[in-house]
Structure formats: C-alpha cells, structure tokens
Amino acid sequence: MSDAAATRPAGLRPWSMVLGLGFVSLAIDMVSDGAISVGGALLEQLGASAALVGAVTGAATAIALVLRLVTGPWADRTGAYWGFTITGYALSAVSVPLLALTPLLGAASLATASGLLLAERTGKAVRGPAKTVLLADAAGAVGRGRGFGVHKLLDQVGAFAGPLLVAAIAAATGALWPAFLALAVPAAIAMVLLFWLRARVPDPSVYRGAGSAGAEPAAAAPAPTEPAAAATPAPTRMSLAARLAGLSAIPARVRTTFLLFATFAALTTFGLLSFGVMSYHLVAADLAPIAGVPLVYAAGMAAAAIGALATGWTYDRVGPGVLLAVPLLTAFVPGFTLGGTIAIVVVGVVIWGLATGVQDSTVKALVADLVPAEQRGSAYGWFAVFQGLGALAGATIAGALYEQVPTLIVLVVVLQVAASVLLIVVLRRHRSERPVPAA
C-alpha cells in the first residue's frame, strides 16, 4: 500500500463498509439459499434421476470449493478484489432467477437447470476469497471478531429468509418458478448496493492500520539461518510447491502455522456432518414430517447467527482461544443430531448451528490475523478447500455409518481431540510469531 493510500480517507466508515457487505450477503444468500433449498426438487420435477441430482449438486459443491484455489491467488496477483467480488455476485444474481424459465424449455430444461445451478455455485467460488479480503480490511479497523461476527449474522438472516420465501411462494402458487422469479428482487438489491460500495470505497486497503484492532500481521524478515537453508534441495522443492499453491510469499513459519490451522478447520468441519444427513434421519426415523424439517433447519440457522455474533465479540476481548469451543461443540453433534427423539435431534441441530456459525465466521478472523494482508486471497482460497474436503468427507462417512452411530460418535470425538491439540499448537506458534513492539 502506498503512502498516499495510507493517508487517503475512505469514502465510508469501517463499520459502514462491514454492514454494507453484510447486507449484500444477506440479499444474495436469500437468492442462493433459496435456490439450494429446492434445487434437487426442481431437477426431479424436470425429470432427473436421484443419481443425476446427486451428481449435479455434488459437482456444484466441488466447484464452489476447489475453484477458490484459482480465484484466491488470482485475486491476490491482480489486486482486483472488487472485480472478482462483483463478478461472483452477478453470476448468482442472474443464474437463479433464470431458473424460472427452465420449465418452458422442453427437452433442454433439465440441462439448462443443471447448468444454472452449477453457475450459481461458480459465482460463490469466484467471489468468496476476494469478498473475504474486502471484509477483512474493513473489519480490521473495528475488530475482526466483531466485524466477521456481524457479517455472519446478516448472512444468516438471508440464509434463513430465502428458503422461507421460496416455501411460502411455492405453497401459495403450487409451482417453483414464481419463487425463482421473486428472487430477482433481492438479487437486484444486492447488485445495486455492491456497485454503490465500490464507488464509495474503490480501495479498501485504506482501512489497513486504522486503529489497534486492525493491525496487520507483518511478513517477518527471514531468520539469519534461512538463506543457507534455502540453498539445500529440500527447501527449494518446498518453495516451488508453495509457489504453485499461491502461498510462497508467506514466510515459512507462518505458512506452517496457517496449514496447521486449516487442518484444524477440516477436522472440525468433518465432525459437523451435514444437514442433509440430519434431515434424512428426521424423515427416515419418522421423527418429523417433511414440512417440519425446514423449521428444524431454521432453528439451526438462528443458532448459527447467535454463535457467530457471540464468539466474534469474545474473540476481540479474550483472543482466539475462544475457538476451542468449536471442537467441544462438534464432539456432541453426531450423538444428538442422530438421536432417537425429536427433542434430542433439535438440541443437536442447535449445537450444530452454534458450531457452524463460529466455523463460518470467527474462525476466519484468525486466518486474517495469521497471514499477511497481501496473501489473504490465497489463504482464504486454500482454507475453503480444507473446510470443503472436511465437509464432503464428513457427510460421506456419516451416511456410510448411519446404521453404526456409536462408531461415528467415537470417530468424531477422536478427531475433535486431535483438532483441539492442533489449535493449541497454532495459538502458541501465533503468539511467538507476533512482532515485538518497539520499546
């Protein structure tokens, strides 16, 4: 960042930027989660088999996660964080309302709907790392825990409202296409607000260093022994591998700490299973009617919002040690969410929601504190991949062990103990990597 950028005032106060990005996420999550909540039903209505529904939705999940390996480093190299953010949101804002036209396309309807669902998740991958960098810059000036927590709260409001809107319109009309058409309204609102934010704050790096809460982690100078070590073959190969991963500019010790933390996130995400497995259990075990499943999901989303906000404020007051709550909560998820009564399952979904809220918000605040600002796009891209692989593995294994819940419980508990140990190691390394203030 140039001296001019450092002294130039931003067009919006940091909190205004955080809230603005939060309301953009609220509106787009109404669109995205509205589509995700009925995407499988739409494909089924258009003639898809269960196998095809699984293939399309699985491919969509993979695209949303793995593509970030490209978009994160690409955003870092170009510095076009706004461009990636706007493009990604536009893909979702356009593709979901177009789903309203698919029933009219005859033989092409199924292929078109599949393509649009894939395009929506592609938009998530394109915008994800870049948008998080924009948020991290603004949140750094107000407290990253609070900033990410408030953003997650607004995000969850959209994730809660979108499916309810779709359900209400579908119940009133007897069809899905009017609901997709109605989602064009929040999509348009999101894009207008996004362009307004871009016009007011074209360079969010002006927020960096604005207050003690926003101090950036500096790229530490190499230790005296590193130049000699770098001449040996093994570190040279590691440097090449790191460069291919988009993380080569991060000091080696910081990079190791980040990868340990990403592994922690993968293990905790594994234990969170997926709501798909939980909803299957609710119906298969005759614990709730199909119409009641969204209400259970809504309880989880409400808990996620509370968890994100509460831990965000706590993070800024007591530090990242609050993240030890994630493996503790996660250890209880399979035993409760796959329990034998509706009351036990609802308690489990609330626990799942609390952990999910922290995992999707406050956990990312520590990523911003671990990694220098110039490499955050790459870091968030890789972090999403670790979380995504954990989520996919957790859901797959939970389905395979559905008839052997005690085995699944033991597996998850063991992995959460390992995750707790990893986090303790990360916190100790992070404390030792912080620059010592000048006397």
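Guide: Buried means under 20% relative accessible area, exposed means over 50%, and partly exposed lies in between (1.4 Å probe, protein chains only). Helices (H or I, at least four residues) and strands (E, at least two) are DSSP runs, numbered from the N terminus. This is a predicted model, in which local features need pLDDT of at least 70, side-chain atom pairs count only at pLDDT 80 or more, and totals for chains, interfaces and linings use all residues. Residues are numbered from 1 along each chain as its sequence is written, and side-chain values use heavy atoms, with hydrogens and water left out.

Visitor: What makes helix H18 mostly covered?

Guide: Eight of the nine residues in H18 (residues 362-370) are buried. They are Thr362, Val363, Lys364, Ala365, Leu366, Val367, Ala368 and Leu370.

Visitor: Why does Gly357 count as buried?

Guide: Its relative accessibility is 0%. The limit is under 20%, so Gly357 counts as buried. Gly357 sits in helix H17 (residues 342-360).

Visitor: What is Gly357 in contact with, leaving aside its neighbours within four places in sequence?

Guide: Contact means heavy atoms within 4.5 Å. By that test Gly357 touches Lys152, Ala304, Ala308 and Thr362. Thr362 is also one of the buried residues of H18. Gly312 is 45 residues from Gly357 in sequence, and their C-alpha atoms are 10.0 Å apart.

Visitor: Why is Asp286 called exposed?

Guide: Its relative accessible area is 68%. The cut-off is over 50%, so Asp286 is exposed. Asp286 lies in the loop between helix H13 (275-284) and helix H14 (293-318). Its phi is positive, about 55 degrees, although Asp286 is not a glycine.

Visitor: Why are H4 and H6 called oblique to each other?

Guide: Start with the angle. Axes are lines fitted to C-alpha atoms, for helices over the stretch in contact, and angles run from 0 to 180 degrees between N-to-C directions. The axes of H4 (residues 68-78) and H6 (residues 109-139) come within 8 Å and cross at roughly 40 degrees. Under 35 degrees is roughly parallel, over 145 roughly antiparallel, 65 to 115 roughly perpendicular, and the rest oblique. H4 and H6 are therefore oblique.

Visitor: Which residues of H4 and H6 make the contact?

Guide: H4 supplies Arg68, Thr71, Gly72 and Ala75, while H6 supplies Lys124, Ala125, Val126, Gly128, Pro129 and Ala130. Ala, Val, Leu, Ile, Met, Phe, Trp, Tyr, Cys and Pro count as nonpolar, Asp, Glu, Lys and Arg as charged, and the others, Gly among them, as polar. That gives five nonpolar, three polar and two charged residues.

Visitor: How do H5 and H9 cross?

Guide: The axes of H5 (residues 81-98) and H9 (residues 184-200) come within 9 Å and cross at roughly 165 degrees. That makes H5 roughly antiparallel to H9. Their contact has 12 nonpolar, one polar and one charged residues. Among them are Trp82 and Tyr89 in H5, and Met191 and Phe195 in H9.

Visitor: How many aromatic pairs does a search of the whole structure find?

Guide: The search finds six. Rings of Phe, Tyr and Trp (its six-membered ring) pair if their centres lie within 6.5 Å; planes under 30 degrees apart count as stacked, over 60 as edge-to-face and the rest as tilted.

Visitor: What makes the pair Phe332 and Phe336 edge-to-face?

Guide: Their ring centres are 6.3 Å apart and their planes stand at 65 degrees, so the pair is edge-to-face. Phe332 is partly exposed at 43% relative accessibility, and Phe336 is partly exposed at 30%.

Visitor: Which residues form one aromatic cluster?

Guide: Phe258, Phe261, Phe264 and Phe383.
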